[in-house]
Amino acid sequence: MAFQLPELGYAYDALEPNIDARTMEIHHSKHHNGYTTKLNGAIAGTDLEGKSIEDILTNLDMSNAGVRNNGGGFYNHSLFWSVMNPNDKGEISGDLKSAIEAEFGSIDAFKDAFSKAAATQFGSGWAWLCVQKGGKVEVCATPNQDNPLMPGVTCGGTPILGLDVWEHAYYLNYQNRRPDYITAFFNVINWNEVSKRYAAAK
Ligand code: MN3
């Protein structure tokens with residue numbers, strides 16, 4: 001069974017004014033769709049066909065550029081859409097809140113660290129909140145479509161929150177103002193989903 005482009009679960013304009021509808025439509029129906037199609041092409045007829053995306057990325061041969069770029073793109077965007085929701089934002093609470101406070105000292109300090117990682121990733125890439133076995137959380141960033149599941153990526157554990165900082169994610173509305181886009185992202189994070197992913201991964 002080939003990988004399918006996941007649905008957003010909300011309308012393209014649902015994240016306005018934080019993320020505009022045109023950006024969401026192009027990002028999902030063109031960019032993410034392209035990664036999905038190319039991933040399917042890259043694994044067709046190989047022993048990766050039929051494996052889960054997590055399995056493929058965790059055991060990836062990093063010299064396999066087709067699967068690295070498109071498998072990363074497929075997984076990263078699927079996570080990204082799921083951790084945003086205009087109707088079900090929730091709050092940072094429970095075990096996740098405790099883990100964040102233990103690592104960063106406060107929620108505000110975590111937001112600063114995440115925003116800094118997103119703002120200082122040079123060129124295209126992603127900022128992450130990851131969780132290691134045992135529940136310790138970490139903020140980091142990766143270039144291009146790499147992510148923390150991939151071998152040798154110096155960024156620990158399972159990603160539970162990700163922010164796309166490629167220009168295609170924000171340029172129509174924010175142009176060069178990446179920091180404004182990062183600030184707006186915090187208005188639409190679905191903390192209930194992030195908490196669920198924390199509980200599953202720790
Ligand atoms: Mn993208």
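This is a predicted model: local features need pLDDT of at least 70, side-chain atom pairs count only at pLDDT 80 or more; totals for chains, interfaces and linings use all residues.

Author: Two strands are said to pair if DSSP finds at least two bridges between them.

Three strands form an open sheet in the order S2-S1-S3, with antiparallel pairing. The edge strands are S2 and S3, each of which pairs on one side only. On average, neighbouring strands of this sheet are turned by 25° against each other, direction ignored.

Strand S1 covers residues 125–131 and pairs with S3 in the antiparallel sense over six bridges. Within that pairing, Ala127 has Leu163 of S3 as its bridge partner, and Trp128 stands opposite Gly162 in S3. Toward strand S2, residues 137–143, S1 is joined by seven bridges, and these two strands also run antiparallel. Here Leu129 has Val139 as its bridge partner in S2, while Cys130 stands opposite Glu138. The hairpin of S1 and S2 has five residues between the strands, and Gly134 in this hairpin takes a positive phi near 105°.

The next point is burial. Seven of the seven residues of S1 are buried, so this strand is largely enclosed by the rest of the structure. Gly125, Ala127, Leu129 and Val131 point one way from S1, whereas Trp126, Trp128 and Cys130 point the other way; all are buried. Strand S3, residues 158–164, is mostly covered, with six of its seven residues buried.

Setting aside residues up to four places away in sequence, Leu161 touches Ala127, Trp128 and Leu129, and its other contacts include Leu79, Val83, Phe110, Phe114 and Trp191. In soluble globular proteins, nonpolar side chains tend to be buried together.

H3 touches S1 and S3, and its direction makes about 85° with that of S3. Helix H3 runs over residues 65–82; at 1.5 Å a residue its 18 residues should span 26 Å, and its end C-alpha atoms are 26 Å apart, which agrees. Among the buried residues of H3 are Asn70, Phe74, Tyr75, His77, Leu79, Phe80 and Trp81. The cover over the buried residues of H3 includes S1 and S3 along with H1, helix H2 (53–58), helix H7 (178–185) and helix H8 (191–201). H8 in turn lies across S1, S2 and S3, running at about 150° to S3.

The manganese ion is coordinated at 1.9 to 2.1 Å by His27 (NE2), His77 (NE2), Asp164 (OD) and His168 (NE2). Along the chain, its donors follow the spacing H-x49-H-x86-D-x3-H. His27 lies in helix H1 (residues 21–43) and Asp164 in strand S3, so the pair ties together parts that are 137 residues apart in sequence. With a cut-off of under 20% relative accessible area for a buried residue, His27 is buried at 2%, and Asp164 counts as buried at 0%. His77 is also among the buried residues of H3.

Note on methods: Residues are numbered from 1 along each chain as its sequence is written. Side-chain values use heavy atoms; hydrogens and water are left out. Buried means under 20% relative accessible area, exposed over 50%, partly exposed in between (1.4 Å probe, protein chains only). Helices (H or I, at least four residues) and strands (E, at least two) are DSSP runs, numbered from the N terminus. Contact means heavy atoms within 4.5 Å. Donors are N, O and S atoms within 2.8 Å of the metal (3.2 Å for Na, K and Ca); water is not among the atoms, so sites may look incomplete. The expected span of a helix is 1.5 Å times one less than its number of residues. Axes are lines fitted to C-alpha atoms, for helices over the stretch in contact, and angles run from 0 to 180 degrees between N-to-C directions.
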